[in-house]
Amino acid sequence: MSTLITNVAELMTQDLEHRVLKGAAVVVEGERISWIGSAAGAPAADEAVDAGGRALLPGWVDSHSHLVFAGDRTAEFEARMAGESYSAGGIGVTMGATRQASDFDLTRLAMGRVAEAASQGTTYLETKTGYGLDIEHEARSARIASTVADEVTFLGAHLVPAGQDPDAYTDLVCGPMLDAVRPYVKWADVFCEEGAFTAEQSRRVLLACRDAGLGLRVHGNQLGEGPGVQLAVELDAASVDHVNYLSEQDVAALAGTWTGWDPATGSGRRGTVATCLPACDLSTRQPLAPARALLDAGVQVALASNCNPGTSYTSSMSFCVTTAVLQMRLSVHEAVRAATYGGALALHRDTGKDADGERAVGSIAVGHRADLHLLNAPSATHLAYRPGMPLTYAVWRAGVRVG
């Protein structure tokens, strides 16, 4: 079954050539993109969809979320808006509610959040454990996450539960807890921050997870300058996320990881992506991550929602893109790229193995997965030009229309 999507006013491919095509069309066969070009020269297909002069983008790739949880932290949000500062401790509130919820309810809630994200153009997403924080409940969270998300990250090192010895808990994360979640996860993460895990504890967790075959990610430099970025660089993590407080040395270290990578061909050694979470920054009243300085230094940047109950209860990637343009000084093209190709790069899904069906996401190119986001606007510029407006018109995920 093939589908021709034609009469596209602006096609922003976010491929390696950074192409923006006018008067374009795309052909989808099965779950893959089979043709891109001028609408005037489009081949025949089994069915045709008239885009009506709208803009077509890759589907958003949300590379940082926390979707498996129960409970509510409205009171914490209200207190923060009244002037209280954010600390990691609120995670414990969600831990209690999540442990008490049934498997059915946790799955239902997570599926609802995934559906909300898809309705706004997100076609590929990562989510984390981290609200169970014991062997039984972390394993349960990982299992549930594996049924609703594209990529699952083990975040047993989210917070040391109240009353537990930090080093003993770190041992638990590195041993029995890791063994319990291993069948369900691809990545490991750690909250390397004051009030959560020290640099040495974080290193122990990440090394144990790397030895178990997991890729690495780091929550770092959210609440102040700290060791998170340097640890991520040291251990060749795929991404370091938050990055609100960066020294010149931090920026230089991140830039140094990309010197062996050719952005024109997507070849060479990938570095550590700096993932910015602007919705979280606004909710916690932290300074927005310095995305402009990172890009100018040669660092690859991603935008992600950080959807979670405490600090960023939104899955709207369009909101993140809008914020990046209006307040972080990115161009529309740079912001869309960070929310699509950048997320794919952070998840090592910017390229794919066509033979086994694990096709690339985050860009529109022949052979890539047909993840498409049609806006109810003639250009992507309207995402920032008309902030807050519901501009998603249609969404395809792996070639299937889902919205």
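Two rings of Phe, Tyr or Trp (for Trp, the six-membered ring) are paired here if their centres lie within 6.5 Å. By that rule, this predicted model has 4 aromatic pairs.

**View 1. A tilted ring pair, Tyr169 with Phe197.** The two ring centres are 6.3 Å apart, with 40° between the planes. Tyr169 belongs to helix H5 (residues 166–181), while Phe197 comes from the loop between strand E8 (187–192) and helix H6 (199–211), so the pair ties together parts that are 28 residues apart in sequence. Both partners are tucked away: Tyr169 is buried, at a relative accessible area of 1%, and Phe197 is buried too, at 2%.

**View 2. An edge-to-face pair of tryptophans, Trp258 and Trp261.** Here the centres sit 5.1 Å from each other and the planes make an angle of 75°. Each of these two residues, Trp258 and Trp261, is buried.

View 3. Phe69, Tyr131 and Tyr313 are linked into a cluster by ring pairs. Elsewhere, arginines do the visiting. The charged end of Arg217 sits over the ring of Trp187, 4.5 Å from the ring's centre. Arg337 does likewise with Tyr341, lying over its face at 4.3 Å from the ring centre.

**View 4. Helix H5 has a kink at Val173.** The bend there is about 40°, and it comes shortly before the proline Pro176.

**View 5. Thr153, a buried residue in strand E7.** Its relative accessibility is 0%. Leaving aside neighbours within four places in sequence, Thr153 is in contact with Glu126, Thr127, Lys128 and Thr129, and also with Val185, Trp187, Ala188, Asp189 and Arg217.

**View 6. The largest nonpolar core, seen around Cys276.** This core has 92 residues, and those with the most contacts inside it are Val243, Cys276, Leu294, Val336 and Leu383. Not counting residues up to four places away in sequence, Cys276 touches Val243, Ala289, Ala291, Leu294, Val301, Ala302, Leu303, Ala304 and Met328. There is also a second, separate core of 17 residues, with Ile5, Val26, Ile36 and Val49 among them.

**View 7. Thr351, a partly exposed residue in a loop.** The loop in question runs between helix H13 (341–346) and strand E15 (372–375). At 43% relative accessibility, Thr351 counts as partly exposed. Which residues does Thr351 touch, not counting those up to four places away in sequence? The answer is Arg270, Glu358 and Ala360. For a sense of scale, Thr351 and Leu109 are 31 Å apart in space, C-alpha to C-alpha, and 242 residues apart in sequence.

Definitions and conventions. Residues numbered from 1 in each chain as written. Predicted model: local features only at pLDDT ≥ 70, side-chain atom pairs only at ≥ 80, totals over all residues. Heavy atoms only, no water. Phe/Tyr/Trp six-rings, centres within 6.5 Å; stacked < 30°, edge-to-face > 60°. Helix = DSSP H or I, 4+ residues; strand = E, 2+ residues; numbered from the N terminus. Buried < 20%, exposed > 50% of the residue type's maximum accessible area, 1.4 Å probe, protein only. Lys NZ or Arg CZ within 6 Å of the ring centre and 35° of its normal. Core = buried A, V, L, I, M, F, W, Y, C linked by side-chain atoms within 4.5 Å. Contact = heavy atoms within 4.5 Å. Bend = angle between axes of the 7 residues up to and from the residue.
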